[in-house]
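Here is a short tour of one protein chain, written for someone who likes cut-offs stated plainly. Please have a look at the sequence and the model before reading on.

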Amino acid sequence: MNTDRPAPHTAPASGPASGSGPGAVSGPGAQGVPGPRGTGPDAVGSDAAEPDAAGRDEAGPRDGGGAGRRDRKARRTREAMAAAALRLTLAHGFAALAVEDVTDAADVSRRTFSRHFGSREDAVLDCLRADFARINEALAARPAAESPVAAYRAAVAAWLHDPDPEHPAWHRRPGMRDLFVLIDEEPALTAAFRRISVAEEERSIRLVAARLGLHPETDLRPAVAVGLGVAALHAATRTWVRDPAGDLPTLLDRAFDLAAAEPPS
């Protein structure tokens, strides 16, 4: 890794509306100014429509299958950059990570990086943003008759036990304990994680409010219900990270049981 270059200025990525989704383990927000964008061709294509913060094409539907192929290509490019950023950070530390290290490893231009990420920390933590989003997708698919806390618990369980080998849950993904330790130690990662988590938690609240037919801003019930689920997820994850013998699925079951107890005991 090139440690001679100073780390680029960073800027908050424009993230989705909120929440602590999947392991919605609370989130951060780092600030700064992104470096200059590249001007050459890139893996996504310099004439491609700008993707949103999660790598989705915002240009709207197109005729034929071009839009779907373009979206898939943009998603693969984003995932490659995120994987490179995480791998390099775990190997050499966040302070040694430069945007150019990520773009070189993923074989893309600086412009491509800037289209997808507002900062180095956003790239490093993008896998967690994607996990939170998967939890919210599972939450949106839960039966309407299910209580909000039960629905959130089931959504977390669906993410936890998803057999997809490309997107395993944290306890089946190498390096995740080390990543959470870095989040605690690096202020920029701490802030970025909080921002990402809060954004996905807000999404969870809006999903629950829609299920209940309540206003997400003025009615306390959706936020309280999601807050219980998020607290259980955070508490279980915190213990799992600090206890090498801990089993994340078991800890999550215990944490949700405690959240349902009145009072916890």
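Does R110 count as buried or exposed, and at what relative accessibility? R110 counts as buried, because its relative accessibility is 16% (buried means under 20% relative accessible area, exposed over 50%, partly exposed in between, with a 1.4 Å probe and protein chains only).

A word on the ground rules: this is a predicted model, in which local features need pLDDT of at least 70 and side-chain atom pairs count only at pLDDT 80 or more, while totals for chains, interfaces and linings use all residues. Residues are numbered from 1 along each chain as its sequence is written, and side-chain values use heavy atoms, leaving out hydrogens and water.

**Overall build**

The chain has 10 helices and zero strands (DSSP runs numbered from the N terminus: H or I of at least four residues for helices, E of at least two for strands). Of its 265 residues, 48% are buried. Among contacts (heavy atoms within 4.5 Å) with a separation of 6 or more, 73% join residues 24 or more positions apart.

**Salt bridges**

The whole structure holds 13 salt bridges, each a side-chain nitrogen of Lys or Arg within 4 Å of a carboxyl oxygen of Asp or Glu.

| Pair | N to O distance |
|---|---|
| R110 and E100 | 3.3 Å |
| R153 and D253 | 3.6 Å |
| E217 and R206 | 2.4 Å |

R110 meets E100 in a salt bridge; this pair links helix α3 (residues 110-116) with helix α2 (residues 99-106). E100 counts as partly exposed at 30% relative accessibility. The salt bridge between R153 and D253 ties helix α6 to helix α10 (residues 248-260), across 100 residues of sequence. R78, D126 and R129, in turn, are linked in a network of salt bridges.

A169 sits in the loop between α6 (148-160) and α7 (176-185). With a relative accessible area of 0%, A169 is buried. Leaving aside residues up to four places away in sequence, A169 touches W159 and L160. L128 is 41 residues from A169 in sequence, and their C-alpha atoms are 9.9 Å apart.

L220 lies in helix α9 (residues 220-242) and is exposed, with a relative accessible area of 67%.
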